[in-house]
Amino acid sequence: MEALTDHLSALGHGLVTTVELTVVTTVGAMLLGIVVATLRIAPVPLLRAIGTVYVEVFQNLPLLALLVLFVFALPTIGITFPLFTSAVIVIAVYEGAYLAEAIRAGINTVGVGQAEAARAIGLTFGQSLRHVILPQGLRAVIQPIGNICIALLMNTSLAAAVGVVELTQAANNVNLVEAQPIAVFTGAGLAYMLLALIIGQVTGLLERRLAIVR
Amino acid sequence: MSILKMSFTRRRSLALTATAVAVALAAAGCGGDSDSSAPTLPGNPGLGGDGVVAQSVYDAAPVATDADIPAGSTMEAIRKRGYLTIGGSLDAPLLAQQNPVSGTIEGFDADMAKLLAKYIIGKPEVKTTTIGTQTREAMLQAKSVDAVFQTYTITPQRATQVAFAGPYLTSGLAVGVRKDDTSIKSVKDLAGKTVIVGANTPAVTALPSAAPGSKQIAFGTDPQALQALLQKRGDAYVQDFTLLASGAKANPGMKVVGEPFTTEAYGIGLNREDTQFKEFVNNWLKKIQADGTWAKVWEATLGSVVEGGAPTPPVIGSADGS
């Protein structure tokens with residue numbers, strides 16, 4: 001236990017970084033997910049193709065490989081981002097592909113009649129999406145989106161590999177001194193579990209408030 | 001036509017397989033180190049002609065007598081099994097790096113492990129499990145491996161969790177900078193600079209006292225840290241002198257400045273309860289130091305980038321915690 005209590009400040013900083021990384025990345029991934037899901041159902045074939053390519057590329061590449069490429073390959077062509085920013089961009093882009101698919105599944109649950117009615121009253125594609133289809137589609141997939149957010153939280157630990165001192169890296173550093181991996185990583189694991197439970201609770205709450213009962 | 005009537009046929013199985021691979025890789029990377037949970041490698045296929053250390057060194061290396069290996073001991077179990085299991089690395093040049101062509105693991109740590117295997121079994125049969133620095137103590141406590149050969153620095157805290165035979169090698173932290181940098185001449189010049197370190201290396205804890213006011217960024221592997229230095233993410237790279245020297249040899253863009261500013265004593269990590277095995281390994285170390293085998297291995301590996309001949313091997317039991 002002392003291995004943990006002696007280093008609460010280091011572990012606390014790591015925890016804060018993990019939370020920051022998760023929140024900023026979730027917002028970014030959600031926005032990207034909505035845009036890509038919209039592309040995938042757009043009436044223009046080129047836009048649909050762009051959406052499909054995005055999802056296929058980022059769902060089918062390992063996140064760690066993307067992180068390492070972004071951090072170490074981009075500087076060779078003269079583009080260097082700070083490490084935290086790099087982690088946010090890469091994880092958001094990666095998770096955005098998964099969120100896009102969840103959101104598209106939600107859109108598919110919206111009845112065809114809804115879209116037809118929206119068109120019948122003269123709404124454009126953008127308007128019917130914004131006022132009719134997305135609000136209903138998103139509310140149908142709150143639970144899957146919550147699950148992806150939990151996976152996103154766990155994936156932030158990969159940022160440790162590219163120099164971001166988040167919770168996993170902080171635990172590594174503490175263990176380096178204390179040499180008690182079981183105590184240290186049990187503590188870090190419990191912190192991740194707690195964060196995941198919070199996301200789960202928020203998801204459950206939103207689900208109860210917003211889900212459409214059909 | 002409705003926007004919702006698009007056809008969404010997709011080749012799901014391909015995507016699923018790739019996602020599964022991605023998830024597996026992501027899980028493997030959770031320790032922050034890409035090689036930390038790599039699968040156990042098959043045993044070294046003997047010692048081919050392209051090993052760094054000449055075959056003759058192995059042929060001449062000592063083998064324990066039956067009297068040294070009492071019934072019921074760890075050594076006897078290893079001899080019966082026919083190979084030694086160790087925890088180590090595959091990506092540390094000159095210490096333990098896997099040759100992509102032959103598959104053998106070459107370097108000082110790897111060769112020491114092979115020599116210990118020869119001492120116990122009579123042939124240098126080693127099975128290496130690549131482990132992260134974060135799991136060494138747990139692996140030894142669970143007896144998942146017989147020993148850890150991984151530039152494992154002996155510290156009193158670690159000695160409360162594991163037993164250290166040795167030290168079998170001493171080195172120290174040094175400073176690497178980009179070749180065109182003339183502002184940093186030793187560790188004293190690092191105050192206020194951004195310093196790259198290897199995650200889970202002694203530099204993480206040694207740097208704040210050696211260079212107060214320096215900012216640290218840590219990378220999972222030595223090649224990543226080197227790359228980060230060359231890409232100017234930091235002003236200097238603090239790492240063990242031997243690793244820096246091999247890095248400087250491979251990368252003309254960097255150089256090592258000043259002398260090592262710490263003394264690291266590396267030990268062979270063993271299960272803490274097994275005092276008999278520790279004594280046995282210490283006796284073997286004394287033997288290979290005395291007969292010159294140690295010096296030959298050093299010259300063939302680390303000695304290839306360090307000027308001067310082999311140093312005097314460390315005195316067994318001299319480090320606090322060994």
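**Exposure, salt bridges and a helix pair**

Me: Why is B:Arg79 called partly exposed?
Reply: Its relative accessibility is 25%. Buried means under 20% relative accessible area, exposed over 50%, and partly exposed in between (1.4 Å probe, protein chains only). So B:Arg79 counts as partly exposed. The model is predicted: local features need pLDDT of at least 70, side-chain atom pairs pLDDT 80 or more, while totals for chains, interfaces and linings use all residues. Residues are numbered from 1 along each chain as written, chains are lettered from A and ligands numbered from 1 in the order written, and side-chain values use heavy atoms, without hydrogens and water.

Me: What makes B:Arg79 and B:Asp66 a salt bridge?
Reply: Their closest N and O atoms are 2.7 Å apart. The rule asks for a side-chain nitrogen of Lys or Arg within 4 Å of a carboxyl oxygen of Asp or Glu. The pair therefore qualifies. B:Asp66 is exposed, at 60%.

Me: Why is B:Asp146 called buried?
Reply: Its relative accessibility is 11%, so B:Asp146 counts as buried. B:Asp146 forms a salt bridge with B:Arg81, at 2.8 Å between the closest N and O atoms.

Me: Why are H3(A) and H5(A) called oblique?
Reply: They pack at about 120°, with axes 8 Å apart. Under 35 degrees is roughly parallel, over 145 roughly antiparallel, 65 to 115 roughly perpendicular, the rest oblique. H3(A) and H5(A) are therefore oblique. Their contact (heavy atoms within 4.5 Å) includes A:Tyr54 and A:Phe58 of H3(A) and A:Tyr94 and A:Ala97 of H5(A).

Methods
Axes are lines fitted to C-alpha atoms, for helices over the stretch in contact, and angles run from 0 to 180 degrees between N-to-C directions. Helices (H or I, at least four residues) and strands (E, at least two) are DSSP runs, numbered from the N terminus.
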